[in-house]
Amino acid sequence: MQTRSDPFRLDGRIALVTGGASGIGEATVKELARAGAEVWIADLNFPAAESLAASIPSARALHLDVTSPESIAAALAQLEFLDILVNNAGIGHVGSIETTEPEDFDRVMNVNVRSVYLVTRAFLPLLLAVDQRHDSVGTIVNVASVSGLVGIRQRFLLHQQRRHCRHDAPARRRIPQNATRQRRLSRHRTNALRRGLPRQIPQAQ
Ligand SMILES: NC(=O)c1ccc[n+]([C@@H]2O[C@H](COP(=O)([O-])OP(=O)(O)OC[C@H]3O[C@@H](n4cnc5c(N)ncnc54)[C@H](O)[C@@H]3O)[C@@H](O)[C@H]2O)c1
């Protein structure tokens, strides 16, 4: 039941959080479950996903490598419905343009950017079917970064993947936004969440 003190309810909704076994993904899983959603914890680290799922009655672990179309297809085959997709899985890389090697560039772009295209594309049919089950729309939430807005030392790759943010929407938002625009825009919602820096820290090290 929705109350003034707890207006955020997701009872009956089914969510999937990539990289949901730790960090921001884990916190997202817990919040979605607290709000009443059933949550798939989809992570490359399956033991960690299982361990977290064991502590949340409405959560289930799912093995998923967001860089692998085969792994994504196998994960998709386990789901019948999906209301909320959270593209959260990501890796970091510390380095300037001089110290970032092409392999580093490809690895980070694969996990942090290409994955959003692969995962969203695969799960889009389930998200588009949401309004057949209830009076709602499928929702895509992409965890982006404040690095699209401010400079952070030794984070060359973070700026590359999120550079569109200054003038436009960041890459992590643009991929699914573009996908849904070409389909049925009115039946979808796409958000990008930029984890921010505390106001009192003018520049991260
Ligand atoms: N923590 C920060 O300061 C910060 C800042 C800006 C943006 N972000 C973004 O937030 C998101 C989460 O960051 P975090 O700090 O919680 O990271 P984290 O390292 O704590 O968690 C990332 C999770 O993703 C999983 N993962 C990694 N590669 C995967 C793959 N190929 N397939 C499936 N799962 C995979 C890991 O197993 C892990 O559980 C990332 O997209 C990151 O870029 C984080």
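Guide: A definition comes first: two strands pair if DSSP finds at least two bridges between them. Helices (H or I, at least four residues) and strands (E, at least two) are DSSP runs, numbered from the N terminus. This is a predicted model, in which local features need pLDDT of at least 70, side-chain atom pairs count only at pLDDT 80 or more, and totals for chains, interfaces and linings use all residues. Residues are numbered from 1 along each chain as its sequence is written.

Visitor: Understood. In which sense do S4 and S5 pair, and over how many bridges?

Guide: Strands S4 and S5 pair in the parallel sense, over four bridges. Leu 85 has Ile 140 in S5 as its bridge partner, and Val 86 has Val 141 in S5.

Visitor: And S1 with S4, in which sense?

Guide: Strand S1 (residues 14-18) pairs with S4 in the parallel sense as well, over three bridges. Ala 15 has Ile 84 in S4 as its bridge partner.

Visitor: Which residues of S4 are buried?

Guide: A residue is buried if 20 or more other C-beta atoms lie within 10 Å of its own, exposed if 12 or fewer, and partly exposed in between, with C-beta atoms placed from the backbone. In strand S4 (residues 84-87), Ile 84 and Val 86 on one side and Leu 85 and Asn 87 on the other are all buried, so both faces are covered. Strand S5 is mostly covered, with seven of its eight residues buried.

Visitor: Why does Ile 84 count as buried?

Guide: Ile 84 is buried because 23 other C-beta atoms lie within 10 Å.

Visitor: What does Ile 84 touch?

Guide: Two residues are in contact if their C-beta atoms, placed from the backbone, lie within 7 Å. Not counting residues up to four places away in sequence, Ile 84 touches Arg 13, Ala 15, Ala 37, Thr 139 and Val 141. Ile 84 and Val 17 are 67 residues apart in sequence, and their C-alpha atoms are 8.4 Å apart in space.

Visitor: Stepping back, what pattern does the chain follow?

Guide: Along the sequence, the pattern is β-α-β-α-β-α-β-α-β-α-α-β, with six helices and six strands in the chain. Of the 205 residues, 38% count as buried. Among contacts with a separation of 6 or more, 61% are between residues 24 or more positions apart.

Visitor: Which residues touch the most other members of the largest nonpolar core?

Guide: A nonpolar core is a set of buried Ala, Val, Leu, Ile, Met, Phe, Trp, Tyr and Cys residues joined through C-beta atoms within 7 Å. The largest has 44 residues, of which Ala 15, Val 39 and Ile 41 touch the most other members. Helix H4 (102-128) gives the most to this core, with six residues. Leaving out residues up to four places away in sequence, Val 39 touches Ala 15, Val 17, Val 29, Leu 32, Ala 33, Ser 58 and Ala 59.

Visitor: Turning to H2, which of its residues are buried?

Guide: Ala 49, Leu 52 and Ala 53 are buried in helix H2 (residues 46-53). They lie on the same side of H2, because they cover an arc of only 100 degrees around the axis. The arc is that of the directions from the helix axis to the C-beta atoms. What covers these buried residues includes helix H1 (23-34), strand S2 (38-43) and strand S3 (59-63).

Visitor: And the ligand: which residues come nearest?

Guide: A residue is near a molecule or strand if its C-beta atom, placed from the backbone, lies within 6 Å of it. There are 23 residues around the ligand, and Gly 19, Gly 23, Ile 24, Gly 90 and Ser 145 come nearest. Helices H1 and H4 and strand S5 (138-145) are the elements giving two or more residues to this shell. H1 gives the most, with three residues.

Visitor: How does that shell divide by class?

Guide: Ala, Val, Leu, Ile, Met, Phe, Trp, Tyr, Cys and Pro count as nonpolar, Asp, Glu, Lys and Arg as charged, and the others, Gly among them, as polar. The shell has nine nonpolar, 11 polar and three charged residues.

Visitor: Is Ser 145 buried or exposed?

Guide: Ser 145, found in strand S5, is buried, because it has 25 other C-beta atoms within 10 Å.
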